[in-house]
Each structure stands twice: as structure tokens, then as C-alpha cells.
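Biologist: I would like to learn how to read charged pairs and surface patches in a model. Could you walk me through them, please?

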Amino acid sequence: PICTKTFESFLADLNVAPEGLGRLGKECGFDGEELYCHTGMLASTEWIYRDMMSHRKLEKAMAEYAGYKLRIIGHSLGAGVASILSVLLRPTYPKLRCLAFSPPGCVMSENLADAVASYTTSFVVNDDIIARMNIEGFEELRDSVLEMICRIKIGRAHV
């Protein structure tokens, strides 16, 4: 599962450096130029996408259940990954829909968010700070956490 378990994964989550979708767009059948995603979530999405393609389970399931519609659903970081995965799968499955529950506010560039709005629905519960935070907010949070870590003085352990 995609989740924050360690301090290192926490810092990776806060690395909001954008990564372009040009290469993956060519591979998946869409124009990814000038479209950007959160680097860490894109890496997780690409791993899932490649695993799905290598086992061909989605392709087999969609063929076996041809009357069914494909829905990609995720929560929190998984919602971010679900929304990016939807971008990659949409050219193959044009009726695909994505339901993203409390996705982080820095998953994708504004132009990409606008492009996926027709098939992605995001749900934000009450005051969920992560879902309501923008890229600048994440960068500020990351910088504050790193600054705090630098100021921590750890005493010598007594044995």
C-alpha cells in the first residue's frame, strides 16, 4: 500500500517537485507536454501502471466483464496516485472515471487538473488540511519541518 510509514517517506511526500508527463504521455497515447505531477506520486503511479501492464489483469478483467465500467478510486496519497493513473489509462479506457477522496492539493499542475475534471471527482472532508493545501503550502511545511530538525539538539545517551 502507498502510505507514509517512515520519516524518509514523510519527506518524500513533501517533495513536491513537479515531473513532466511527456515521456509517459507518448507511451500511453496522450500529449503529456506541459503537464506535471508530484514526483513521488508519479513514481508510485508508474510502478503500479507497469505492474498492471505486465500482468495484463486489467485488460483481461475488462474483456471478461465488458459491460462494466472502470472506476479508479483512492484516498489521500492513494487518491493522488489514482488520479494520475486515470490519466495514464484514459486513452485505453475512455469511459474511465476516477473518485479521489481527500487527495493532496499538490498532485498535479493546474492545467492537468483542468484536463481531468471531466472524469475525476474529488471529495474533500470538512477541514482536511492536506487536501486543501497548495504546492506553496507543502513547500513551506517541508521547509519548516527540516528547519525544526536542524535545531533539535540530541543529548548524549547515558549507558
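Biologist: How many residues apart are Arg151 and Glu147 in helix H8?

Modeller: A word first: this is a predicted model. Arg151 and Glu147 are four residues apart in helix H8, so about one helical turn separates them. The general idea is that side chains of opposite charge can pair when their charged atoms come close. Here, Arg151 does form a salt bridge with Glu147, and the closest N and O atoms are 3.7 Å apart.

Biologist: Is Arg151 buried or exposed?

Modeller: Arg151 counts as exposed, at 56% relative accessibility.

Biologist: Which residues do salt bridges with shared partners join into one network?

Modeller: Those residues are Arg23, Glu27, Glu46 and Arg50. Take Arg50 as your guide. Its side chain meets that of Glu27 in a salt bridge, at 2.5 Å from N to O. Glu27 lies in helix H2 (residues 22-28) and Arg50 in helix H3 (residues 39-55), so this pair ties together parts that are 23 residues apart in sequence.

Biologist: What is the N to O distance in the salt bridge between Arg50 and Glu46?

Modeller: For Arg50 and Glu46, the distance is 2.8 Å. These two residues are four residues apart in helix H3, and about one helical turn separates them.

Biologist: How accessible are Glu27, Arg50 and Glu46?

Modeller: Glu27 is partly exposed at 42% relative accessibility, and Arg50 is partly exposed with a relative accessible area of 34%. Glu46 has a relative accessible area of 16%, so it counts as buried, the class for values under 20%.

Biologist: How many salt bridges does a search of the whole structure find?

Modeller: The search finds five salt bridges, and the Arg151 and Glu147 pair is one of the salt bridges we have looked at.

Biologist: Now for the patches. Which residues form a nonpolar patch on the surface?

Modeller: To read such a patch, look for nonpolar side chains within 5 Å of one another, on residues with over 30% relative accessible area. In this model, Leu146, Met148, Ile149, Ile152 and Ile154 form a nonpolar patch, with about 470 Å² of accessible area together.

Biologist: Where is Ile152 found?

Modeller: Ile152 is in the segment after helix H8 (135-151). With a relative accessible area of 47%, Ile152 is partly exposed, so it passes the over 30% cut-off for a patch.

Terms used:
Residues numbered from 1 in each chain as written. Predicted model: local features only at pLDDT ≥ 70, side-chain atom pairs only at ≥ 80, totals over all residues. Heavy atoms only, no water. Patch = residues over 30% accessible without salt bridge, like charges linked within 9 Å, V, L, I, M, F, W, Y side chains within 5 Å. Areas by Shrake-Rupley, 256 points an atom, 1.4 Å probe, with all protein chains shown as cover. Salt bridge = Lys/Arg side-chain N within 4 Å of Asp/Glu carboxyl O. Buried < 20%, exposed > 50% of the residue type's maximum accessible area, 1.4 Å probe, protein only.
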